[in-house]
Amino acid sequence: MKTSESVTAIYKALIEFHGSVGKVKKDSKNPHFKSTYASLPDILDAVTAPLTSAGLCVIQMPAGRSGLTTRLCHISGEWLEETYEMPPAQATPQGIGSAITYQRRYALCAVLSLNVDDDDGHAGSVQPATKQAAAKSAPPPPAATAEQLELIAEMLAMPIFNSYRKNALKKYPGLKGMTHERAEKMITGLESEINKAMEAQAETVDYEN
């Protein structure tokens with residue numbers, strides 16, 4: 001991680017920021033399955049006012065062919081900066097745009113150590129014994145949406161998931177047969193692993209410097 005020569009003021013500002021930002025709610029909704037997720041606009045809406053109040057701002061810009069630089073700036077002139085790579089799954093305008101959006105989301109969560117509220121809207125409920133017969137005749141759970149499968153495929157294409165991808169595709173060939181609930185859990189898990197990888201990469205770079 002790169003920093004300004006002094007970081008005293010920006011660290012104090014970050015403490016102030018964390019005292020006011022709270023959890024980031026997953027307010028974007030899928031009307032078909034009543035699921036929620038934290039989109040990039042959701043995250044920006046949650047952090048912009050607390051950042052401004054603390055004298056902070058975030059600048060993000062593409063770097064090279066598949067990198068993103070995120071710089072956290074303080075009104076004092078102090079700053080923290082990190083760049084990392086996320087090659088797009090497809091070298092198309094849509095694929096590149098999707099990769100940049102993912103990068104911005106993950107980088108914001110990592111550099112600001114955000115607490116993104118988990119979605120429990122699809123938590124399973126235990127069927128009482130008296131309703132077992134009715135449960136047997138219940139319709140099958142909804143299948144994963146095309147948007148969910150596209151997001152999973154994009155994330156599984158990242159190098160950090162090489163071994164995981166083989167097991168996932170073995171269980172769900174072509175990602176077919178996956179339920180909406182399972183897809184939601186997989187997306188949450190993959191996002192968590194990406195954030196951990198980003199933090200580990202930042203610590204490695206900081207140690208080498």
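Modeller: What follows goes through the sheet strand by strand, then turns to the helices and the chain as a whole.

This is a predicted model, in which local features need pLDDT of at least 70 and side-chain atom pairs count only at pLDDT 80 or more, while totals for chains, interfaces and linings use all residues. Residues are numbered from 1 along each chain as its sequence is written, and side-chain values use heavy atoms, with hydrogens and water left out.

The sheet is open and has four strands, in the order E1-E7-E6-E5, with antiparallel pairing. E1 and strand E5 (56–63) are at the edges with a single partner strand each, so one side of each has no neighbour in the sheet. Strands here (E, at least two residues) and helices (H or I, at least four) are DSSP runs, numbered from the N terminus. Two strands pair if DSSP finds at least two bridges between them.

Strand E1 (residues 2–3) is joined to strand E7 (residues 79–85) by two bridges, in the antiparallel sense. Thr3 has Leu80 in E7 as its bridge partner.

Next comes the pairing of E7 with strand E6 (residues 67–74), which is antiparallel and has seven bridges. Here Arg71 has Glu81 in E7 as its bridge partner. Arg71 also lies over the face of Trp79, at 3.8 Å from the ring centre. A charge counts as sitting over a ring if NZ of Lys or CZ of Arg is within 6 Å of the ring centre and within 35 degrees of the ring normal. E6 and E7 form a hairpin with four residues between them, and Gly77 in the turn has a positive phi of about 105°.

Cys57 stands opposite Cys73 in E6.

Now the helices. Helix H3 (residues 93–111) has 19 residues and reaches 27 Å from its first C-alpha to its last, close to the 27 Å expected at 1.5 Å a residue; the expected span is 1.5 Å times one less than the number of residues. Among the buried residues of H3 are Gly95, Tyr102, Arg105 and Cys109. Buried means under 20% relative accessible area, exposed over 50%, and partly exposed in between (1.4 Å probe, protein chains only).

Contact means heavy atoms within 4.5 Å. Leu151 and Tyr102 are 49 residues apart in sequence and 9.4 Å apart in space, C-alpha to C-alpha. Leu151 is buried, with a relative accessible area of 13%.

Ser113 is in the loop between H3 and strand E8 (115–116). Ser113 is not a glycine, yet has a positive phi of about 50°. Most residues other than glycine have a negative phi. Ser113 counts as partly exposed, at 49% relative accessibility.

As background, the chain has seven helices and eight strands. Of its 209 residues, 36% count as buried. Among contacts in the chain with a separation of 6 or more, 64% are between residues 24 or more positions apart.
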